[in-house]
Each structure stands twice: as C-alpha cells, then as structure tokens.
Amino acid sequence: MTELVHADHASATATRWWRDAVIYQVYVRSFADGNGDGIGDLLGVRSRLRYLADLGVDAVWLTPFYTSPMADFGYDVADYRDVDPIFGSLGDAKALIDDAHRHGLRVIVDVVPNHTSDRHVWFQQALAAGPGSPERERYIFRQGKGESGELPPNDWESVFGGPAWTRLPDGEWYLRLFAPEQPDLNWDNPEVHAEFESVLRFWLDLGVDGFRVDVAHGMVKADGLPDVGHPDQVRMIGADVVPFFDQDGVHEIHRGWRRLLDSYPGERIGVAEAWAPSPQRLANYVRPDELHQAFNFHFLNTPWDAARFRTVIQESLATAGLVGAPTTWVLSNHDVKRHLTRYGGGETGLRRSRAAALLTLSLPGSTYLYQGEELGLPEVLDLPEEFLRDPQRLRNPDDGRDGCRVPIPWADVEPHFGFSLPGIEESWLPMPASWGPLSVQSQLRDPLSTLRLYRTALEIRRARRSFDDAPLTWLDSPEGTLAFTRGDGFACTLNLTGEPVELPAPGRVLLASEEPVVDGDVVRLAPDSAVWWERDGV
C-alpha cells in the first residue's frame, strides 16, 4: 500500500515536478555499504530507498560512481559510461534507477564536464600523441614561459592550491584547475561537445531523470588565457575578473544540453553547480532555455543572522523570478562543513540547524538536503590524520572535506553503526563512538528527534502543495526574528536570537523545532527556533 502512495505522488508531480521538489543528496561512498568492504556503493543505496521514500523526498542526487582512480573521490572520471567496481556494476546502476522509480523517487546523477581523469583514454592518447596532435586539442596544452618554457603559461592557480598547470617531460604544460590528475577539457573542440552529448544520452536512455552539472561555470576559459593579475582573485570563484570561471560562453553549452533534456519525456532536468559573484549572474544559468536549477550558495553561506537571511532570501527570489526560474535552497553538501557545526556546534548548533530546516523547507522553490542533516550530524573535526585524503587539504589543512563525508549511522551497533555488514571492523572513514544516539534506529524511537522533525516537515510540505506557488509575504517582527506568510493559510516565524522573543501568534502551531509558549494572541518563541503555523480563519 505504501508503495502505491509513493507511485501516485510521482505520477501527480510528473509535470514540472522540479520547481518545488525536495532533492536528497547521496554521497555514495558514505551512504550505505551493500557488499561489506567498508565503502558505500550502489547496492547499499538501493537497500535504503525505502528510508528515502518514507522520509518524504522527491528525488535522489547521486555523487559520481563512474570508473575512476579516485584522486578526487570520483570527480576524476576515467569512463563516463561505466561504474567503478568499488561502487558496483552498470547492472547495479540500472537496478537502482528502476527501483527508485518504483518507490516514487527520481534519480539525478553527476556529470563532470570541466575535466576528466588523467587515466581517461583521451588523455592517455594525448600523452602518447605528443605536442601539436589532434589528440591534445581535446585538452588545454600550452608551451610555458621563460627561456626554455620552464614557467607556467600564465598565473592561474588551482582551486586546490598551487599553479593550475602541470608540465610534461616533452616540455608542454596542461591546464588543470583542480588536482594534477584532473586535466581540463577544451570546450572549443567540437569533439568534446559531441562526446558529452553522447554521455548524457547514454544515461538518459538508462532512465535517469537529470544531471547535476559539476563546475557548470568552468568549462569555458577567456580567449588567450590571460593572466589573472592578482592571486587573491583565484579565491573569488566566479568574479568577473577571473578568466576561467563564469565566462559567458558556458551558457551556449547549457542551452544545447537543455534542448537535449527537453527531447526526452518526463521533465528531465539539469542542475548547475555554479559559483557566481552575484545572484544576478547566477540567474543566467537558469534562464528559460538553459538549465532548470542552480544551487543557491549565497543562501548556504549566510551566517546565523536574521537581517542577512532576509536580504539573501529577498534577493534570491527576486533574481530567479526575473528569468521565471524556481529558487533553490541548500544548507550543506559534500564540499562544505556541515551547517550544524557552522552554526556554532553542540546544542546551539543543533537548535539552529533544526530551525534552519523549517525555514528552508517553508521557502518557495526547491530544497536540497545533504545526507545526514536529517539526523543532526555534526562535522567530524578530529579524524585521525591517516584517514585524511581530500586533495583540497593541500590548499589549507583546515579546509578539508573529509569531516562532512563520514558515513551515515543507521543502527546503534558499533563500530560502524549499521553502515556496513556485520563483521566489518571499520568503515572507510571512522565514525565517532558517540554517534549511536544519532543513528536512524535511535531517532525513529524518539518522537522529538531531528529525524522525526524532518519527516513531519516533509509530510506537511507535501500535503500543502497548494501554497507552493504562493508568494512569500514578510510580516513585521522584532529585531533578530523573521516572520512571513505563504498564501492565506501558512506562516513561519523564526527566532535567531539566543533569548526568548514574544510576538503576535499567527495561528495554530503546525510544527516547531522547539516548542513555543502560546498565551492567547501572543507567542513566546524559544531561542534559535522556528515554528510553522496554520493561520487563523483558514
């Protein structure tokens, strides 16, 4: 009976489903281990689809599971049309897609078009063919500067630190904006366009419902590869002066991909991971003939401050509205510290993260959840040095992403809390011994747990689809708080201060991150809390 309910939901939202979808990010390596090697895989994801359907999400976004030497944990792709044995097989991918659809869940997969692995057949051919060959035209090779070409071709820096160029024994340099094992593709080459159109068709034909486009702002570089001129600008991802990010030429690529996606039935979508200097520049990626969504990193980066949140929400809605696109809301992902820790950690961080969840899920548009946030997982800050392998740590030892990628605790049993099969002593990243109470099993027993809060919030959100297109209207509220309505029957209040705050009660409590005290027409909001309301008279 439950499966029929999920299937009915999928059918009912088949048209433009993505405009208000809740999409759950699965970091495959850390979600669930189905074969007992301590590493998450597609079989493990498939075994937990019932959990995701019961949680109430609409779609699942899977991080890369393609053939890869794992220099950047799968974002260095050696074969875009196959599955790395670590994660399973192509048959496992097809079975997962089909099973997800039976659960009423759509499947979005990563595509990595800015660069390949240095083990990709194209790059191996380029190395063998030598300077001036057609094979090297698929990538960005250049002669160096200096008397004998010993200096990099320009002053670009890698996102992971150091020069963005690697020199080969034959004297040429190749561009790699990330790790040395991730050579950048040359999108001026028609072969690159044709290859990725073929890759997209391969996975669309296999049944996926869309793609999250990695580094969607990076495929096109400025003509002549000019110097940046100031090393600090490398850190300003998407700034107008940076000649390798947010170049106007990327939009023609996305237009071509949109035409391809639209040629398939079922509203297949493209989602841009695009870092841009302003909401206005970000909106360019979601114009009607480009991608469907773009991650709203301006919202993710907002500190715990009422005025700042209100400004970002207003700007995000206004700029996306200019191009008729839905706004997206995201608090965490596999590349940033978990928001519970960013919001202060401990009990303070937990209160704020629960409140932020209700804020996010009440805003117009689509919401992305990162695995484990529904459990209130913190960033793991004390991983043993021997386990830290994130290449981003080369730039800054405190900037590694391992701590947000620690596996999910499913059960109370140590040492890996049900992430892997019995008998396995250790998961690929060790899990804190204190995580038993945070496990899915523990939280399902607790009606006040963060998991129960998310499940109830998603149930209410799904039941109240009628306000999904309703505009947000701000209400007057005390300093340090936010209050707004959606349509005639729903309101949200948020106290971002560390003290109780009184304000007019908008109606009947639907859900609260921390229970408020209602006294007639006045409500006292708990510190760092949010409340959903059924408005009076509706």
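Predicted model: local features only at pLDDT ≥ 70, side-chain atom pairs only at ≥ 80, totals over all residues.
- An α-helix has 3.6 residues a turn, so residues three or four places apart point the same way.

**Nonpolar cores**

- The largest nonpolar core contains 142 residues, and L52, L62 and F65 have the most contacts inside it.
- Helix α6, made of residues 190–206, gives the most to this core, with seven residues.
- Another core lies apart from the largest one and has 17 residues, among them W156, W165, W173 and V215.
- Which residues does F65 touch when its neighbours within four places in sequence are left aside? F65 is then in contact with L42, D82, V83, D84, F87, A93, V109 and W203.

**Cavities**

- Rolling a probe the size of a water molecule over the atoms shows where empty space is left.
- Three cavities of 30 Å³ or more are present in the structure.
- The largest cavity holds about 140 Å³ of space.
- It is lined by 14 residues, and those closest to its centre are L282, A294, S316, A320 and T327.
- Two or more lining residues come from each of α8 (279–283), β11 (293–294) and α10 (306–322).
- By class, this lining of the largest cavity comprises seven nonpolar and seven polar residues, with no charged residues.
- The second largest cavity holds about 40 Å³ of space.
- Lining the second largest cavity are S332, R338, H339, L340, S353, E373, G376 and L377.
- In the lining of the second largest cavity, two residues are nonpolar, four are polar and two are charged.

**An exposed proline**

- P169 belongs to the loop between β7 (165–167) and β8 (173–175).
- Is P169 buried or exposed? P169 counts as exposed because its relative accessible area is 88%, and the cut-off for exposure is over 50%.
- P169 and N333 are 164 residues apart along the chain, and their C-alpha atoms are separated by 38 Å.

**Backbone details**

- Most residues other than glycine have a negative phi, and most peptide bonds are trans.
- The peptide bond from E414 to P415 is cis, and its omega is near 10 degrees.
- P415 is located in the loop between β13 (366–370) and α13 (440–444).
- D246 is not a glycine, yet its phi is positive, at about 55 degrees.
- This aspartate, D246, lies in the loop between β9 (210–213) and α7 (250–262).
- D246 counts as buried because its relative accessibility is 5%, and buried means under 20%.
- D528 is also a residue other than glycine with a positive phi, near 50 degrees.
- The loop between β20 (522–525) and β21 (529–535) contains D528.
- Why does D528 count as buried? Its relative accessibility is 1%, and the cut-off for burial is under 20%.

Terms used. Residues numbered from 1 in each chain as written. Heavy atoms only, no water. Core = buried A, V, L, I, M, F, W, Y, C linked by side-chain atoms within 4.5 Å. Buried < 20%, exposed > 50% of the residue type's maximum accessible area, 1.4 Å probe, protein only. Helix = DSSP H or I, 4+ residues; strand = E, 2+ residues; numbered from the N terminus. Contact = heavy atoms within 4.5 Å. 1 Å grid on protein atoms, 1.4 Å probe; cavity = no way out; pocket = protein on both sides within 12 Å on 5 of 7 lines; lining within 4 Å. Points joined across faces, edges and corners; volume = space filled by probe spheres on them. Nonpolar A, V, L, I, M, F, W, Y, C, P; charged D, E, K, R; others polar.
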